[in-house]
Amino acid sequence: MFDFKDQPSKEPKKREYEESEELKFLAQKVISEQKIDIMPAQIAYLLVSPNISKTVPSKTFKTGPEFRFFSGFDYVVEVSLDLWTALDEAERYILIHHELLHILPIMNEKTGDYDFKIRKPDFIAFKSILDKYGADWKQKIKLSLSSIHNLTPAQEDSIKI
């Protein structure tokens with residue numbers, strides 16, 4: 001008979017979150033230089049230590065009503081610290097540019113209120129990334145993650161950017 005108690009217990013990974021002025025400053029630079037219109041969204045920028053996961057280098061998500069009430073933030077941009085330290089300035093810029101393109105505040109014409117949405121990575125919205133940086137930037141991120149975490153080819157294929 002199989003006994004589950006004999007299995008090694010998999011402890012949940014302990015992550016630490018730190019607000020990052022460096023991320024915020026770079027995001028403000030990208031918003032200004034690339035003329036990204038995300039007003040009036042309020043965004044928190046977090047470095048996640050050691051990482052979000054081995055296959056998720058960064059992510060942007062919209063906050064729930066309770067989080068928004070207590071924090072004042074409409075969105076959170078998270079970046080894995082282990083990857084952030086491995087990237088050069090140009091790669092960081094592209095990664096943040098990519099994440100900011102997910103932010104989509106839409107004004108309700110009748111009420112004047114904003115509805116905060118997440119833009120899915122579609123061709124039109126993310127064409128500017130391809131036009132400016134080419135398609136190789138994603139491969140550089142994947143290779144960096146793969147080398148940091150010694151990923152197998154199958155794991156490398158599952159990296160989500």
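This is a predicted model: local features need pLDDT of at least 70, side-chain atom pairs count only at pLDDT 80 or more; totals for chains, interfaces and linings use all residues.

Reader: What makes a stretch of the chain a helix or a strand?

Author: Both are DSSP runs numbered from the N terminus: a helix is H or I over at least four residues, and a strand is E over at least two. The chain has seven helices and six strands. Their order from the N terminus is β-α-β-β-α-β-α-α-β-β-α-α-α.

Reader: Why is Ile-141 called buried?

Author: Buried means under 20% relative accessible area, exposed means over 50%, and partly exposed lies in between (1.4 Å probe, protein chains only). Ile-141 has 1% relative accessibility and therefore counts as buried. Buried residues make up 37% of the 161 residues in the chain.

Reader: Where does Ile-141 lie, and what is it in contact with?

Author: Ile-141 lies in helix α6. Contact means heavy atoms within 4.5 Å. Leaving aside neighbours within four places in sequence, Ile-141 is in contact with Pro-57, Leu-83, Leu-87 and Ile-161. Ile-141 and Ile-159, 18 residues apart in sequence, are 9.2 Å apart in space, C-alpha to C-alpha.

Reader: How do you know that the span of α6 is close to the expected one?

Author: The expected span of a helix is 1.5 Å times one less than its number of residues. With 14 residues, α6 reaches 20 Å from its first C-alpha to its last, close to the 20 Å expected. Its buried residues are Trp-137, Ile-141, Ser-144, Leu-145, Ser-146 and His-149. Just after α6, Asn-150 takes a positive phi of about 50°.

Reader: What makes a set of residues a nonpolar core?

Author: Such a core is a set of buried Ala, Val, Leu, Ile, Met, Phe, Trp, Tyr and Cys residues joined through side-chain atoms within 4.5 Å. The largest one has 30 residues, and Ile-43, Ile-96 and Leu-100 have the most contacts inside it. The elements giving two or more residues to this core are α1, β2, β4 (75-80), α3 (81-86), α4 and α6 (136-149). The largest share, five residues, comes from α4. Not counting residues up to four places away in sequence, Ile-43 touches Ile-38, Phe-73, Tyr-75, Val-77, Leu-100 and Ile-103.

Reader: Why is a space called a pocket and not a cavity?

Author: On a 1 Å grid over the protein atoms alone, a cavity is a set of points where a 1.4 Å probe fits but cannot get out, whereas a pocket is an open set with protein on both sides within 12 Å along at least five of seven lines; lining residues have an atom within 4 Å of a point. The largest pocket holds about 300 Å³ of space. It is lined by 15 residues, of which Lys-24, Gln-28, Gln-42, Ile-43 and Tyr-45 lie nearest its centre.

Reader: How large is the second largest pocket, and which residues lie nearest its centre?

Author: About 250 Å³ of space lies in the second largest pocket, where a volume is the space filled by probe spheres set on grid points joined across faces, edges and corners. Of its 13 lining residues, Ser-58, Lys-59, Thr-60, His-102 and Ile-161 lie nearest the centre.

Note on methods: Residues are numbered from 1 along each chain as its sequence is written. Side-chain values use heavy atoms; hydrogens and water are left out.
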